[in-house]
Amino acid sequence: MRLLIALILPWLTFFTIGRPIAGVICLILQITLIGWLPATICAVYALSQYKTDQKIENALRQRN
């Protein structure tokens with residue numbers, strides 16, 4: 001679901017993963033059509049990093 005949000009409304013993705021400052025910067029980028037593609041790429045990348053961080057945290061919890 002978040003991937004779909006990242007493609008349609010990239011700035012909203014940052015708010016869902018707890019990075020509101022990056023969301024505001026992404027919103028400023030998204031206002032222009034030229035900035036839409038970089039904003040989408042940035043949102044998808046941040047989402048993938050968020051998922052990786054969650055997997056690492058879960059693995060560390062299971063290890064302890």
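Buried means under 20% relative accessible area, exposed over 50%, and partly exposed in between, with a 1.4 Å probe and protein chains only. The model is predicted: local features need pLDDT of at least 70, side-chain atom pairs count only at pLDDT 80 or more, and totals for chains, interfaces and linings use all residues. Residues are numbered from 1 along each chain as its sequence is written, and side-chain values use heavy atoms, with hydrogens and water left out.

**Figure 1. Overview of the chain.** The secondary structure comes to 4 helices and 0 strands, in the order α-α-α-α from the N terminus. Helices (H or I, at least four residues) and strands (E, at least two) are DSSP runs, numbered from the N terminus. The C-alpha trace spans about 45 × 20 × 15 Å along its principal axes. Of the 64 residues, 23% count as buried. The chain exposes about 4,800 Å², of which carbon and sulfur atoms supply 71%; accessible areas come from the Shrake-Rupley method with a 1.4 Å probe, and for residues only the protein chains shown count as cover. The mean pLDDT (the predictor's confidence in each residue, from 0 to 100) is 88, and 98% of the residues reach 70 or more.

Figure 2. Rings of Phe, Tyr and Trp (its six-membered ring) pair if their centres lie within 6.5 Å; planes under 30 degrees apart count as stacked, over 60 as edge-to-face and the rest as tilted. The count comes to 1 aromatic pair. It is formed by tryptophan 11 and phenylalanine 15, which are edge-to-face at 6.0 Å centre to centre with 80° between the planes. Both residues lie in helix H2, 4 residues apart, or about one turn of the helix. Phenylalanine 15 counts as partly exposed because its relative accessible area is 39%. Tryptophan 11, at 24%, is also partly exposed.

Figure 3. Helix H3 covers residues 20-31, 12 residues in total, and reaches 17 Å from its first C-alpha to its last, close to the 16 Å expected at 1.5 Å a residue. That expected span is 1.5 Å times one less than the number of residues. The buried residues of H3 are Ala22, Gly23, Cys26 and Gln30. Seen down the axis of H3, they fall within an arc of 100°, so they line one face of the helix; the arc is that of the directions from the helix axis to the C-beta atoms. These buried residues pack against H1, helix H2 (10-16) and helix H4 (33-63). On the other side of H3, Ile21, Ile25, Ile28 and Ile31 are exposed.

**Figure 4. Leucine 3 of helix H1.** Leucine 3 lies in H1, residues 2-8, and is partly exposed because its relative accessible area is 43%. Contact means heavy atoms within 4.5 Å. Leaving aside neighbours within four places in sequence, leucine 3 is in contact with Val44 and Leu47. The C-alpha atoms of leucine 3 and alanine 43 are separated by 8.7 Å, although the two residues are 40 residues apart along the chain.

**Figure 5. Threonine 40 of helix H4.** Threonine 40 has its place in helix H4 and counts as buried because its relative accessible area is 10%. In the chain, 49% of the contacts with a separation of 6 or more are between residues 24 or more positions apart.
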